[in-house]
Amino acid sequence: MNYPKVELLKFPKILDPRGNLTFLQAPNQIPFEINRVFWTYDVPGGEIRGGHAYKLQHEVIIALSGSFDVIITLPDGSFEKYSLNRSFFGLYIPPMTWRHMENFSTNSHGLHLSSALFDSNDYIRDFEEFKHLHYEN
């Protein structure tokens, strides 16, 4: 099965001397219906979040405050790094994409928009299983 590619999305930015405003709405800025929202914060220095893939779930990750890196590990072991540090950008992550987050700045806040409700059966937490399933599709 062919999934879309990881993509850096740029959201509208309304400039105002009183402070800028950015918004998003499906389907204009988000390529799926949002069914779950969660956020990460207070991540201690040096910690890593994530380290898994979803079988069916689509996700967009936004650094609302501060910065962190999202590392996409490809089935061949190579990787792509996306540094998120502006709240008007979001990283779209399709299903069957192995990712983790690292290098969190102090007081960073990550917003996660998901296409699905939480389902532990949708998680792939073993990289060898991920590679097997990826090449099977």
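**Note on the predicted model: cores, salt bridges and surface**

1. Val6 is in contact (heavy atoms within 4.5 Å) with Ile72, Tyr82, Leu91, Tyr92, Pro94 and Thr97, when residues up to four places away in sequence are not counted. The model is a predicted one, in which local features need pLDDT of at least 70 and side-chain atom pairs count only at pLDDT 80 or more, whereas totals for chains, interfaces and linings use all residues. Residues are numbered from 1 along each chain as its sequence is written, and side-chain values use heavy atoms, with hydrogens and water left out.

2. Val6 also belongs to the largest nonpolar core, a set of 12 residues that includes Val43, Phe68, Ile72, Leu91 and Phe104. Such a core consists of buried Ala, Val, Leu, Ile, Met, Phe, Trp, Tyr and Cys residues joined through side-chain atoms within 4.5 Å, where buried means under 20% relative accessible area, exposed over 50%, and partly exposed in between (1.4 Å probe, protein chains only). Two or more residues of this core come from each of strands S6 (59–65), S7 (68–73) and S9 (89–93), and S7 gives the largest share, three residues. Apart from this core lies another, of nine residues, among them Phe11, Val60, Leu111 and Leu113.

3. The chain holds one helix and 12 strands, these being DSSP runs numbered from the N terminus (helices H or I, at least four residues; strands E, at least two). Among contacts between residues at least 6 apart in sequence, 77% join residues at least 24 apart, and buried residues make up 39% of the 137 residues.

4. Four salt bridges are counted, each being a side-chain nitrogen of Lys or Arg within 4 Å of a carboxyl oxygen of Asp or Glu. Arg99 and Glu59, with their closest N and O atoms 2.8 Å apart, link strand S10 (residues 98–102) to strand S6 across 40 residues, and both are buried. Lys81 and Asp69 meet at 4.0 Å, N to O; Lys81 lies in strand S8 (residues 79–84) and Asp69 in strand S7, so this pair ties together parts 12 residues apart in sequence.

5. A further salt bridge joins Asp16 and Arg18 (2.6 Å, N to O). Here Asp16 is partly exposed, at 24% relative accessibility, whereas Arg18 is exposed, at 76%.

6. Trp39, placed in strand S4 (residues 36–41), is exposed, with a relative accessible area of 52%.
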